[in-house]
Each structure stands twice: as structure tokens, then as C-alpha cells.
Amino acid sequence: MQLELGISPCPNDTWIFYALANKKIDLPFDFTMYMADVEDLNVRARKGDIAVTKLSVASVTDCLDKYILLRTGGALGRGCGPIIVTKQDTCFQSAREADKKIAIPGKLTTANMLLSLNNSLKGERVEMLFDEVMPAVQAGTVDAGVVIHEGRFTYENFGLKKVLDLGQWWENTTNLPLPLGAIAVRRDLGMDVARQLEKAIRASLAYVQQNPEEATAYIKEHAQEMDDNVIKEHIATFVNEFSMELGADGEYAIQLLLEKAFEISGKPMPDLPIFVTD
């Protein structure tokens, strides 16, 4: 069997999937790697045309009938959520006004859903790629931006200031870690395939943890212009104990976020298992 596997080029994904993508471990299937921005992956999952994919947890509302989630390989934790930034000379109060524009890294992202749940900024939302958000705020094209990935480490380089940490808001509100992304497998592939994929991803993560320097060139190749220290901080922030195994807190956090996402969407939550079972 040959499966298409979608991940983002972000260091946390290329770190976790390095050994799998480069055949450093025994693999249950042949994989064709597809690397794209997470919003692109969300759109493909909505269509159901990719076998295995990283996606935003909030976007699962559009594809839970087609996909089941793995308990490994995702992005979930504390102190890792999206932040809202403005220009240094822009006060937060003015950014709340209804006529203010805020850039978002895709309408299907968990970041956009958290913005809706928090309900602090109610102005027009402008979709763009995640790496276009900070330059747009800096240029004044938008009044504020929701920043994800490594942007939480680099926004000051653009002369921007953090006005709200949406991840911290979620943690304070729920006392749970924030689920950002998950690995989803198409249900029609069957539970046995999903279990084998879980095992392979855990093996891939274990391999890179034991051979960290080996993955450096691969990660930098896809991270493009990212500074070495930012790459290290990115991995340290977004790869943690939940990356290997969600555990009870991780599963509950995802379930709660999905319930809220379905409530916002106005759609009933399907009576289907969310996670692969043993």
C-alpha cells in the first residue's frame, strides 16, 4: 500500500516525521510526502483526498465523518498558542473597534477559532498565509494579526507588540493544554492501518530524539530562512510529551475544543469515535 502523507514545513513537523520521510525506520507502507501550509492541508482534508494528514484541530469539524485522529504526532501543549500582535504605536483598545482589520492564517485554523471564542477583536478578518501576517501588520495593511508557529518568537523583529496570548487565554479558561494540530487518517483505510501509522510515527519521533543532529539539514531545508536558534526554540515549544502520546488530558482537550468548534459552526457533532482505539 502507498499512502500520501501531508505535513507542514514547520520544524515541529519535519522533526517528528524526519525518520519516516527519510526511511530511517521500518515502515508499514510506502509514503509519498506532501508538504504544504496547514491551511492547504485543512482544505485537502475537507475534500477527503489525502490519506494521512496534519490538520488544525478546529478544522476537524469539516471532516470528522471522513477522518479519525491519531494520539501521536500532533501539536498540543502549554505556552504554545497563537498570539495577537499590533504595531508598537497601536493600542489594544483601538484594535478592538469593529472597523479594524485583523489578519488570520486561514479561516479553518485553530487560531481563527480561538479568536472567535475569545471574541475580543470583532473587526473584519483577512485571510493570508501565516508568514504574511506579521509583514502585513508591520506595513499597516491590517491593524492586528493572529500569529502562529515561530511568529511567537520573532514578532518583535517586525516592530510589533503582543497584545493577547490566545493560548494562555485558553489555558486559563479551561485549565487544559491547547490542542493546535493533530494527525488524521481517513476512516476508510481501516483501524488496523491507523494503528500501524501510530506505531510508525512514534518510532519516527523516538529515532530523531536519539539522533537529533542527523535531522538538522532536513529541517533547515524546509524551514528556509529561519534562524537556527528560532528552529531550536520552535521544536522545544511545539514538541513535547503530548507529541508522543496525547494521554487523558490531551484527548479531553481535543474533545472540548471540538465541541466548541462544532457549536460555533452550528453543525451537530457526529456520533463517531474521535480517536483510534487499541
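This report walks through annotated sites, salt bridges and a helix pair in a predicted model.

## About the model

Residues are numbered from 1 along each chain as its sequence is written, and side-chain values use heavy atoms, with hydrogens and water left out. Because the model is predicted, local features need pLDDT of at least 70 and side-chain atom pairs count only at pLDDT 80 or more, while totals for chains, interfaces and linings use all residues.

## The binding-site residues

An unreviewed UniProt entry marks K54, L55, S56, T110 and A111 as "binding site". From this set, K54, S56, T110 and A111 belong to the lining of the largest cavity. On a 1 Å grid over the protein atoms alone, a cavity is a set of points where a 1.4 Å probe fits but cannot get out; lining residues have an atom within 4 Å of a point. UniProt positions follow the numbering used here, feature names are shortened, and annotations may be inferred rather than shown by experiment.

S56 sits in strand 3 (residues 52–56). Strands (E, at least two residues) and helices (H or I, at least four) are DSSP runs, numbered from the N terminus. S56 has a relative accessible area of 4%, so S56 is buried. Buried means under 20% relative accessible area, exposed means over 50%, and partly exposed lies in between (1.4 Å probe, protein chains only). Not counting residues up to four places away in sequence, S56 touches V38, N42, L108, T109, T110, L180 and G181. Contact means heavy atoms within 4.5 Å.

A111 belongs to helix 5 (residues 110–118). A111 counts as buried because its relative accessibility is 4%. Leaving aside neighbours within four places in sequence, A111 is in contact with P82, P105, V146, I148 and L166.

## The active-site residue

UniProt lists H149 under "active site", again in an unreviewed entry. H149 lies in the loop between strand 9 (144–147) and helix 7 (151–154). With a relative accessible area of 17%, H149 is buried. Residues up to four places away in sequence aside, H149 touches C10, F130, H234 and F238.

## Salt bridges

Side chains of opposite charge can pair when their charged atoms come close. A salt bridge is a side-chain nitrogen of Lys or Arg within 4 Å of a carboxyl oxygen of Asp or Glu. The structure holds 13 salt bridges. One of them joins the side chains of R46 and D62 (3.2 Å, N to O). This pair links distant parts of the chain, 16 residues apart: R46 is in helix 3 (residues 38–47), and D62 is in the loop between strand 3 and strand 4 (67–69). R46 counts as partly exposed, at 36% relative accessibility.

D188 pairs with R186, their closest N and O atoms being 3.0 Å apart. D188 is exposed, at 59% relative accessibility. K220 and D228 meet through their side chains (3.0 Å, N to O). K220 is partly exposed, at 35%, and D228 is partly exposed, at 39%. R71, E198, R202 and E245 form a network of salt bridges.

## Two crossing helices

The axes of helix 5 and helix 13 (residues 247–265) come within 11 Å and cross at roughly 70°. Axes are lines fitted to C-alpha atoms, for helices over the stretch in contact, and angles run from 0 to 180 degrees between N-to-C directions. Helix 5 and helix 13 are therefore roughly perpendicular (65 to 115 degrees) to each other. Helix 5 makes the contact through T110, M113, L114, S116 and L117, and helix 13 through L257, K260, A261 and I264.

Key: On a 1 Å grid over the protein atoms alone, a cavity is a set of points where a 1.4 Å probe fits but cannot get out, and a pocket is an open set with protein on both sides within 12 Å along at least five of seven lines; lining residues have an atom within 4 Å of a point. Angles under 35 degrees count as roughly parallel, over 145 as roughly antiparallel, 65 to 115 as roughly perpendicular and the rest as oblique.
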